[in-house]
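Dear colleague,

I am passing the structure below on to you, and my notes on it follow. Please read them alongside the coordinates.

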Amino acid sequence: MRAKGKSVKTSLMSLCMGNVLVACLIIGIVAIISIRTTTTMAVSDYEDAMNNGYNQEIKSQVQSVITILQAEYDKCEAGDLTEEEAKKEAAEIVRAMRYGDAGDGYFWIDDTDYNLVMHPILPDQEGNNRYDLEDQNGVMIIQEIMKVAQSADGGGFNEFYFTKSDGVTVAPKVAYSQIFKPWGWVVSTGNYVDDMQAEMASVENSISSNFAALCVVIAVVAVIMAVISLIISKVYGNRICKPLVKIQDLATRLSDGDLTTPVDVKDGSELGRTADALNVAQANIVELISNISTTSENLAGAIETFNTNFSTMEESIINVSTAVGEIAQNTTTQAQSTTEAADSIENIADGIQTTSNEVDSLADNAKTMQDYSDKSMDALQKLIEVNTKTKTDIDSMYAQTENTNDSVTKISQAATLITEISSQTNLLSLNASIEAARAGEAGKGFAVVAEEIGNLATQSANTATEINDIIKELTGNSEKSMQLMQTMNEAAALQVNTLESTREMFHGLKDALQACVDAVTTITDRISVINAQRDKVTGDIETLNRLATDNAASTEETSAMSAELDGVVKHSSDIVQTLLNDVQILVDNTKQFKL
């Protein structure tokens, strides 16, 4: 007995669930890695942008102070204030100036002789020469400030350790310094690195929290997809396996000899057509078995009659033995008739042997039918695997199409951003040009705006580059979709070939059934020959009886002939009895089928 294994339904559900789980795992891992990489790049870009932003901010603030100093200098030049009054008023204005969200940004002023002109945190040191001012790492702070201030650019950045606004804490600082040449003042301000790092750390923590939440969302979505896949695979598993179960029940009934009930599968697919073909095959087998059964019963009746006739012949021979005197005159004619009867019996034996051979051929054809049935089931299993692969490819194509749609959405968003940036850039550029022209020398601050506008234009170029990358991604997704469609076409071709193989197998089954019908026809013909030979033997025996009556006088010779004929009849009776037993076995074999 064949060992019980997993059902087709369980295998299909396991395959679908395995594919979905692997796909969810791969998608989840790729998504998490991609998000993590993007997050890391975003944090890095944010840090760079923050550092640049802080540097640009302090540079812009220093340039604003330079603008104020220029305004005070213009008052002095116009005669509204003396130079001393203008310097004092400018120093106090700068002393009171603050910037930043917490208002902790401040400015200080040194002159080119290294004297501290103004410092809002260290007012007691104003007027001191700070040429030798050194931080904890040996950096000569004021000397370095003067180097960048007196460079060709008229300003620049420095890094050193300095006291914070609380007057106690010493921390690393990035400062920007620029010289106001009319008075020889160098205006400086800066940002403390630990403050920037604290803000960056806060942003990084927020990004990490969002990343963890997104990972949880991906995991939940993967679980939901697995549950949905389980439901879908169960529904389709029932739909596909229900006809298979009915076909399996029919095969079980056929193996038990039950041919009474056909399989009921109402399906337009290959399974439905297979069930219809099996029903036709079952009907043909029922008709064949019925014909064999009828023929076997007729043959059994004929042999029974033949056996009765032999019994009658035996009795007649006994009677002939008592009348030996009358047989002597017709010895020659009796011998000839006996020879013909022997030949007829030999023909009967040949017919029986031919019938046996045809029955063996019928058994071989039945085995051929079983082989084709097994091949049909293998072809059907292969067809199911091809259909499963086609469904997986369709799902992959659907997911790829979704990716393509996402890429198109990204392009739309990037295009909108470029449009907005371009509009703002044009407007800012126009305003900056107008204001710079009106302000004259005092409009240098607007030059900073023009520079920022240039940065916006650079960002627009970067955004255009991102759009090109997205378009490349869209092109790649389209190529993947084409590859998936090619795979589906190959699977469809394989399915057509499998169906063609199944059709050829069922043609072979039809040929085997036709061979069975031909064998039965041959058996019928042989039985007819046997009947004819039986009639001929009967005529010969009647001739013998008639001659026995006429030859009663030849007692001695007729007695010997009677003894010989009695042996022949007994031998024929044994042969007929053997044939009767074989026919009975054939009848019993056909009765095991339920028609």
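Which residues are linked with Lys75 in a network of salt bridges? The network joins Glu72, Lys75 and Glu89, where a salt bridge is a side-chain nitrogen of Lys or Arg within 4 Å of a carboxyl oxygen of Asp or Glu.

Before the details, a word on conventions. This is a predicted model, in which local features need pLDDT of at least 70 and side-chain atom pairs count only at pLDDT 80 or more, while totals for chains, interfaces and linings use all residues. Residues are numbered from 1 along each chain as its sequence is written, and side-chain values use heavy atoms, with hydrogens and water left out.

Overall, the protein chain has 9 helices and 5 strands, taken from DSSP runs (H or I of at least four residues for helices, E of at least two for strands) and numbered from the N terminus. Of its 595 residues, 35% count as buried, buried meaning under 20% relative accessible area, exposed over 50%, and partly exposed in between (1.4 Å probe, protein chains only).

To return to the charged pairs, a search of the whole structure finds 7 salt bridges. In one of them, Lys75 pairs with Glu89, the closest N and O atoms being 3.5 Å apart; because Lys75 lies in helix 1 and Glu89 in helix 2, this pair ties together parts that are 14 residues apart in sequence. Lys75 is partly exposed at a relative accessible area of 33%, and Glu89 is partly exposed at 30%. Within helix 2, Glu92 forms a salt bridge with Arg95, with 3.4 Å between the closest N and O atoms, and these two residues are 3 apart, about one turn of the helix. The side chain of Arg95 also meets that of Glu126 in a salt bridge (2.7 Å, N to O); here the link is between distant parts of the chain, Glu126 being in the loop between strand 2 and helix 3, 31 residues from Arg95.

Finally, UniProt, in an unreviewed entry, places the feature "transmembrane region" at residues 12–35 and 211–232; its positions are given in the numbering used here, feature names are shortened, and annotations may be inferred rather than shown by experiment. Over residues 211–232 the chain is 100% helix and 0% strand, with the end C-alpha atoms 31 Å apart.
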